[in-house]
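Welcome! Here is a short briefing to read alongside the sequence and the 3D view. Take a moment to look around before reading on.

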Amino acid sequence: GNAEETYIIPLIGETTANAIYAEILSNTLTVPNKALLKKIHKALVSFTMAEAIPYKAVTIDSTGVFQLSETIGGISGSVENKTTATDRQLSAVMNAFKIRGEQELETMRKFLVDNKTDYGYTDDYGILNDGSAPNIYIL
């Protein structure tokens, strides 16, 4: 998927990604790769949601692009109208998902550095918070 190619593969590399794919398909996932895969899933959830939000606010068909408006309940008499989120609200949610995704990437980067023997990852300078100052966050 797009989020995987954009955010995960550049961090873990094609070799590690292909190894994980092969291990999943053969049901032989190693302990380190199981731990890494959990971190990958957490990051992917946030980035996938952030990328999907703009498309959930509109519907696209052969006649054009339309803002969604939904009525629930139909003829039952219990009609509840939903209003679409504003651009500002959508932007805030997207940013929150992206920030969470970036936090998960940092956790993944630290895991890769801590497990250099398994992954050969050497990007020590990429760690924004090594845990020595746990109350410092870079956004």
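Where is Asn27 found? Asn27 is found in the loop between H1 and H2, and we will come back to it below. This is a predicted model, in which local features need pLDDT of at least 70 and side-chain atom pairs count only at pLDDT 80 or more, while totals for chains, interfaces and linings use all residues. Residues are numbered from 1 along each chain as its sequence is written, and side-chain values use heavy atoms, with hydrogens and water left out.

**The overall picture**

- The chain holds 4 helices and 4 strands; helices (H or I, at least four residues) and strands (E, at least two) are DSSP runs, numbered from the N terminus.
- Reading along the sequence gives the pattern α-α-β-β-β-β-α-α.
- The chain has 139 residues, and 27% of them count as buried; buried means under 20% relative accessible area, exposed over 50%, and partly exposed in between (1.4 Å probe, protein chains only).
- Among contacts between residues at least 6 apart in sequence, 50% join residues at least 24 apart, where contact means heavy atoms within 4.5 Å.

**How confident is the model?**

- The average pLDDT of the chain is 79, and 68% of the residues score at least 70; pLDDT is the predictor's confidence in each residue, from 0 to 100.
- Confidence is highest in H1, at 93, and lowest in strand S4 (residues 80–82), at a mean of 52.
- For residues 135–139 the pLDDT is below 50, and this stretch has 3 contacts in the model beyond near neighbours in sequence.

**H1 against H3**

- Helix H1 (residues 2–26) packs with helix H3 (residues 87–114) at an angle of about 15°, and their axes are 11 Å apart; axes are lines fitted to C-alpha atoms, for helices over the stretch in contact, and angles run from 0 to 180 degrees between N-to-C directions.
- H1 and H3 are therefore roughly parallel to each other; angles under 35 degrees count as roughly parallel, over 145 as roughly antiparallel, 65 to 115 as roughly perpendicular and the rest as oblique.
- From H1, the contact is made by Tyr7, Ile8, Leu11 and Ile12, and from H3 by Leu105, Met108, Arg109 and Leu112.
- These contact residues divide into 7 nonpolar, no polar and 1 charged; Ala, Val, Leu, Ile, Met, Phe, Trp, Tyr, Cys and Pro count as nonpolar, Asp, Glu, Lys and Arg as charged, and the others, Gly among them, as polar.

**H2 against H3**

- H2 and H3 pack at an angle of about 160°, with 8 Å between their axes.
- That angle makes H2 roughly antiparallel to H3.
- The contact of H2 with H3 has 18 nonpolar, 3 polar and 6 charged residues.
- Ser46 has its place in helix H2 (residues 31–56) and is buried, with a relative accessible area of 5%.
- Not counting residues up to four places away in sequence, Ser46 touches Phe97, Arg100 and Gly101.

- Asn27 has a positive phi of about 55° although it is not a glycine.
- Most residues other than glycine have a negative phi.
- With 71% relative accessibility, Asn27 counts as exposed.
- Thr122 is found in the segment after helix H4 (116–119) and counts as exposed at 61% relative accessibility.
- From C-alpha to C-alpha, Thr122 and Leu112 are 8.3 Å apart in space, and they are 10 residues apart in sequence.
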